[in-house]
Amino acid sequence: MGPSVMKKGLLLIALVVGGGCALFLYAAATRGLSAREAPSAAEAYATRTFRRWAVPANARLLRNPVPPNPETLRHGMEHWADHCATCHANDGSGKTTIGTNLYPKAPDMREKETQSLTDGELYYIIRNGVRMTGMPAWGNPEDGENDHETWTLVLFIRHLPQLGEEEKHLMSTLNPKTPSEIEEERQEEEFLSGKDLSKHKSTNGRKQ
Ligand code: HEC
């Protein structure tokens, strides 16, 4: 191979690599890598179909061993308000700051797409999470198919389409709070109960 042939080869490689980089940058600049956009219909369909295949057939057929009654539903509701509502919202709409800005978004779980999943599929998704999405895996892996908590969550997801205003209100009191929200509530309570705030502040040594 003569030096001129080698030079041409290198030039070709540089052109291909450079062209590839330019294309990627162009795509990123025009479409972006933003998580704000919603996936296209084709992408959403492909990922859902793939996810359905990824749930083993025996997992899909699992029956919920926990019977629906006020106590088990309440358990699921409390767990949901505490761990799931940050992304999925108390009513399951997914309309929260995090839920709407993930890619893919947290879906509206009251809709057919979610409600038509089997109990086993819901259980499997909660226990295993969904790779490459914001959905984490929950519970202790050793509990296998008998994680009582997760099954109460499945019951609660089934209840989402009928969730009442009173229940939503109750849930808002069960949502996790930041330390500053807790502090704010404490101060409000103290103020309402007529305690002297300034005295308390000086004893715990914190400046506002
Ligand atoms: C950090 C955000 C986040 C949290 C917290 C979270 N999820 Fe999710 N979840 C998601 C996202 C995003 C998806 C959509 C994944 C996808 O498109 O495949 C999802 C999907 C799901 C699905 C599948 C619904 C469907 O139709 O695709 C179920 C069921 C689910 N989550 C249950 C739960 C439960 C129960 C909890 C609490 C124990 C929880 N999630 C907590 C982000 C979250």
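**Helix packing and the space beside it**

Reply: α4 and α9 are oblique to each other, oblique being what is left once angles under 35 degrees (roughly parallel), over 145 (roughly antiparallel) and 65 to 115 (roughly perpendicular) are taken out. The model is predicted, so local features need pLDDT of at least 70 and side-chain atom pairs pLDDT 80 or more, while totals for chains, interfaces and linings use all residues. Numbering runs from 1 along each chain as its sequence is written, and side-chain values use heavy atoms, with hydrogens and water left out.

Back to that first pair. The axes of α4 and helix α9 (residues 165–172) cross at roughly 50° and come within 9 Å; axes are lines fitted to C-alpha atoms over the stretch in contact, with angles from 0 to 180 degrees between N-to-C directions. Helices here are DSSP runs (H or I, at least four residues), numbered from the N terminus. The crossing of α4 and α9 is right-handed, meaning the near helix is turned clockwise from the far one by less than a right angle. On the α4 side the contact (heavy atoms within 4.5 Å) takes in R74, M77, W80 and A81, and on the α9 side E167, L170 and M171. By class, the contact of α4 with α9 has five nonpolar, no polar and two charged residues. Nonpolar covers Ala, Val, Leu, Ile, Met, Phe, Trp, Tyr, Cys and Pro; charged covers Asp, Glu, Lys and Arg; the others, Gly among them, are polar.

Now take α4 against α8. Here the axes come within 8 Å and cross at roughly 90°, so α4 and α8 are roughly perpendicular to each other. From α4 the contact uses T72, L73, H75, G76, M77, H79, W80 and C84, and α8 answers with E149, T152, L153, L155, F156, I157 and H159. That contact of α4 with α8 sorts into eight nonpolar, six polar and one charged residues.

D119, G120, L122, Y123, I126 and R127 in α7 meet T150, W151, L153, V154, I157 and R158 in α8.

The largest pocket has a volume of about 1400 Å³. A pocket is an open set of 1 Å grid points with protein on both sides within 12 Å along at least five of seven lines, and lining residues have an atom within 4 Å of a point; points join across faces, edges and corners, and volume is the space filled by probe spheres set on them. R51, P104, V130, T133 and M135 are the closest to the pocket's centre, out of 48 lining residues. The lining divides into 27 nonpolar, 13 polar and eight charged. Helices giving it at least two residues each include α4 (70–88), α7 (119–128) and α8 (148–159), but α2 gives the most, with seven.

P104, one of those central residues, sits in the loop between α5 and α6, and the peptide bond from Y103 to P104 is cis, with omega near -5°. Over in the loop between α4 and α5 you'll find A89, whose phi is near 70°, a positive value in a residue other than glycine.

There are also two cavities of 30 Å³ or more, a cavity being where a 1.4 Å probe fits but cannot get out. The largest cavity is about 70 Å³, lined by R48, R51, R52, V55, L117, E121 and I125. α2 and α7 each supply at least two of its lining residues, and α2 has the largest share, three residues. By class the cavity lining is three nonpolar, no polar and four charged. R51 lines this cavity and is also among the residues closest to the centre of the largest pocket.
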